[in-house]
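Dear colleague,

I am passing on the structure below, together with an account of what was found in it. Please keep it open beside the text as you read.

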Amino acid sequence: MDVLLLDLGLSLRGGQRQVYYLARALARSPEWQGNFTPLVACPKGSALAKLLLDEDLPLLPLPGRSPANPLLLFVLERALRKRMAQGIPIIHTHDANAATVGGFFKMLHGNKVKLVHSRRVSYPLRTGLRLQKYRRADALVGVSAEISQGMQDAGLFAEKIHTIHSGIDPERYLPKEERQTGRFVFLSVGAFTPQKGYSILIQAMSVLKEMEELPPWEVRIVGDGPLFQSILEQAQSLNVDSQLALLGRQDSRLVLPSCDALVVPSTDGEGSSGAIKEGWVTGVPVICSSLPSNTELVKDKLNGLVTHVGNPLALAAAMARCMNEPALCQRLAQKGTATVLKYTDKRMAKAYVDLYQLLARR
């Protein structure tokens, strides 16, 4: 069975990393070799295309990323026709623009192709014409139960909807380093966009600064985006900029081992958080907000600490608790490391293979 994995993003974010993991598993896992032939279609020059080339994985470079680009549609149509001559291929889309393109080809070819959409954000789906691309799919995947429920609430057929959490490759990550600096380091990872909650984190730092009997501490944030400057200015206005390091965009694997706790203060839109799993696999305790998709992963005081969304006082209290209770941190980290084994790239790929086989039987 041919599987065309379609992603029109330019950066290598969580969704693109999942496409890479899935293509790698389909192409190289002994139990699936010969049963599935993956081909990743993504913009030429994108970060995902470069990664696939470096890894020698099947790539169809696309001339741009707009669903309205006639040349892009021509390249995809030619690839699909070649595969339709040998059977019924699966088109599996991984972002909103790709879903639009996938819906177009499903409308064009009908039952000659199978269409799967993966949705990675928990924002409510808009109704009307924009929903048609999802209605045309043979299967819909939410990467959390919250996202799957949101698709059902939008009127999409429940029998088409499946929940498959994003995976992580544990072998890519290094363990936590043992440091003796006496300074407690908090880390947060993600784009500087409103939904990541960095403004709440800065306010929590201001609360922490007024607390007594805490060890020296600092907060590091890895990422870039439109709010970078405003977050820095907020830290300056609250007089916590001396305890804040904005590290820009980096490979999180390089900075995670040197932190003592990972903070995920998201305020909305979260899917199946890759940052949480990265913290777990590194062996550091995780503090996250109480968004439903977060609490599908993190159980308060079991494998992490959960604080109310948008509440800097609660976030500061959890951060202070990590600094004051090393035994708690150790227990949370150990439970997190055990939990992440449920969310590996291999388990994610196996769930998609099961879905593909279900579609083939139908």
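Helix α3 (residues 70–84) and helix α4 (residues 96–109) have axes that come within 12 Å and cross at roughly 50 degrees. Helices here are DSSP runs of H or I with at least four residues, strands are runs of E with at least two, and both are numbered from the N terminus; axes are lines fitted to C-alpha atoms, for helices over the stretch in contact, with angles that run from 0 to 180 degrees between N-to-C directions. Since angles under 35 degrees count as roughly parallel, over 145 as roughly antiparallel, 65 to 115 as roughly perpendicular and the rest as oblique, α3 and α4 are therefore oblique to each other.

Please bear in mind that this is a predicted model, in which local features need pLDDT of at least 70 and side-chain atom pairs count only at pLDDT 80 or more, while totals for chains, interfaces and linings use all residues. Residues are numbered from 1 along each chain as its sequence is written, and side-chain values use heavy atoms, with hydrogens and water left out.

The crossing of α3 and α4 is right-handed, a term that applies if the near helix is turned clockwise from the far one by less than a right angle, whereas anticlockwise counts as left-handed. On the α3 side, Leu72, Leu73, Leu76, Glu77, Leu80, Arg81 and Met84 meet Val101, Phe104, Phe105, Leu108 and His109 of α4, where contact means heavy atoms within 4.5 Å. By class, this contact of α3 with α4 has nine nonpolar, one polar and two charged residues (Ala, Val, Leu, Ile, Met, Phe, Trp, Tyr, Cys and Pro count as nonpolar, Asp, Glu, Lys and Arg as charged, and the others, Gly among them, as polar).

Helix α7 (residues 198–209) packs with helix α8 (residues 228–237) at an angle of about 15 degrees, their axes being 10 Å apart, and the two are therefore roughly parallel to each other. Tyr198, Ser199, Ile202 and Gln203 in α7 meet Ile231, Gln234 and Ala235 in α8, a contact with four nonpolar, three polar and no charged residues.

The axes of α7 and α12 come within 8 Å and cross at roughly 60 degrees, which makes α7 oblique to α12. This contact is made by residues including Ile200, Leu201 and Val207 of α7 and Leu313, Leu315 and Met319 of α12, and by class it has 12 nonpolar, one polar and no charged residues.

A search of the whole structure finds one cavity of 30 Å³ or more, and the largest cavity has a volume of about 50 Å³. On a 1 Å grid over the protein atoms alone, a cavity is a set of points where a 1.4 Å probe fits but cannot get out, a pocket is an open set with protein on both sides within 12 Å along at least five of seven lines, and lining residues have an atom within 4 Å of a point; grid points are joined across faces, edges and corners, and a volume is the space filled by probe spheres set on the points. Among the residues that line the largest cavity are Ile200, Cys288, His308 and Leu315, and its lining has five nonpolar, five polar and no charged residues.

The second largest pocket has a volume of about 430 Å³, and α13 gives the most to its lining, with five residues.

With best wishes
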